[in-house]
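The following questions and answers concern a single protein chain. Please consult the sequence and the three-dimensional model while reading them.

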Amino acid sequence: MNDVARAVAAWRQGGPEGLDLLESTWEPPAGDFDRARSALTAADLPMLRPRHNHLTDADRGIQLRFGRDGRWYPYESDPGTEDWWPTGRADADPVGALTPLLASE
């Protein structure tokens, strides 16, 4: 049942792209991550570790996934676990995607 609920949340978050991001990773161009990490640092937001198309702070339970559509998809998990759930709306700006996750901490 959790898998179905997670898939529904991903679909609501971003339609077909949101669902694809739930189930797969890809290797985006480095420039997108460099710009995103710079924007997050400039906004004095937490440093997120890059891996594939994900930027993650597992200790805080926050993650951004970069879609092939150029938008950032926010995910949350209980801190220290790998049970990621789509949450909030996708945003072309990584700061805009991450800020609501930090507000709910």
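Q: Leaving aside neighbours within four places in sequence, with which residues is D32 in contact?
A: The model is a predicted one, in which local features need pLDDT of at least 70 and side-chain atom pairs count only at pLDDT 80 or more, while totals for chains, interfaces and linings use all residues. Residues are numbered from 1 along each chain as its sequence is written, and side-chain values use heavy atoms, with hydrogens and water left out. D32 is found in helix α2, where helices (H or I, at least four residues) and strands (E, at least two) are DSSP runs numbered from the N terminus. With contact taken as heavy atoms within 4.5 Å, and neighbours within four places in sequence left aside, the partners of D32 are F66 and W72.

Q: What distance separates the C-alpha atoms of D32 and F66?
A: D32 and F66 are in contact. Along the chain they are 34 residues apart. The separation of their C-alpha atoms is 8.7 Å.

Q: What span does helix α2 reach from its first C-alpha to its last?
A: Helix α2 covers residues 30–42, which gives 13 residues. The expected span of a helix is 1.5 Å times one less than its number of residues. For α2 the expected value is 18 Å, and the span in the model is close to it, at 18 Å.

Q: Against which elements do the buried residues of α3 pack?
A: In α3, the buried residues are P94, V95, A97, L98, L101 and L102. Seen down the helix axis, they fall within an arc of 160°, so they line one face of α3. P100 and A103 are exposed on the face turned away from that buried side. The buried residues of α3 pack against α2, β3 and β4.

Q: What is the phi of D44?
A: D44 lies in the loop between α2 and β1. It is exposed, with a relative accessible area of 71%. Although D44 is a residue other than glycine, its phi is positive, near 60°.

Q: What is the relative accessibility of N53?
A: N53 is placed in the loop between β1 and β2. Not counting residues up to four places away in sequence, N53 touches L21, S24, T25, W26, P28, F33, L64, R65 and F66. N53 counts as buried, and its relative accessibility is 0%.

Q: Is H52 buried or partly exposed?
A: H52 is found in the loop between β1 and β2. Its phi is positive, about 55°, although H52 is not a glycine. With a relative accessible area of 30%, H52 is partly exposed.

Q: Which element gives the largest share of the lining of the largest pocket?
A: A pocket is found on a 1 Å grid over the protein atoms alone, as an open set of points where a 1.4 Å probe fits, with protein on both sides within 12 Å along at least five of seven lines, and lining residues have an atom within 4 Å of a point. The residues lining the largest pocket include H52, H54 and W84. Two or more lining residues come from each of β1 (49–51), β2 (54–57) and β3 (62–66). The largest share, 3 residues, is given by β1.

Q: What is the relative accessible area of W84?
A: W84 lies in the loop between β4 and β5. Its contacts, not counting residues up to four places away in sequence, include R6, T56, I62 and Y75. The C-alpha atoms of W84 and I62 are separated by 8.5 Å. W84 is buried, with a relative accessible area of 6%.

Methods
Buried means under 20% relative accessible area, exposed over 50%, partly exposed in between (1.4 Å probe, protein chains only). The arc is that of the directions from the helix axis to the C-beta atoms.
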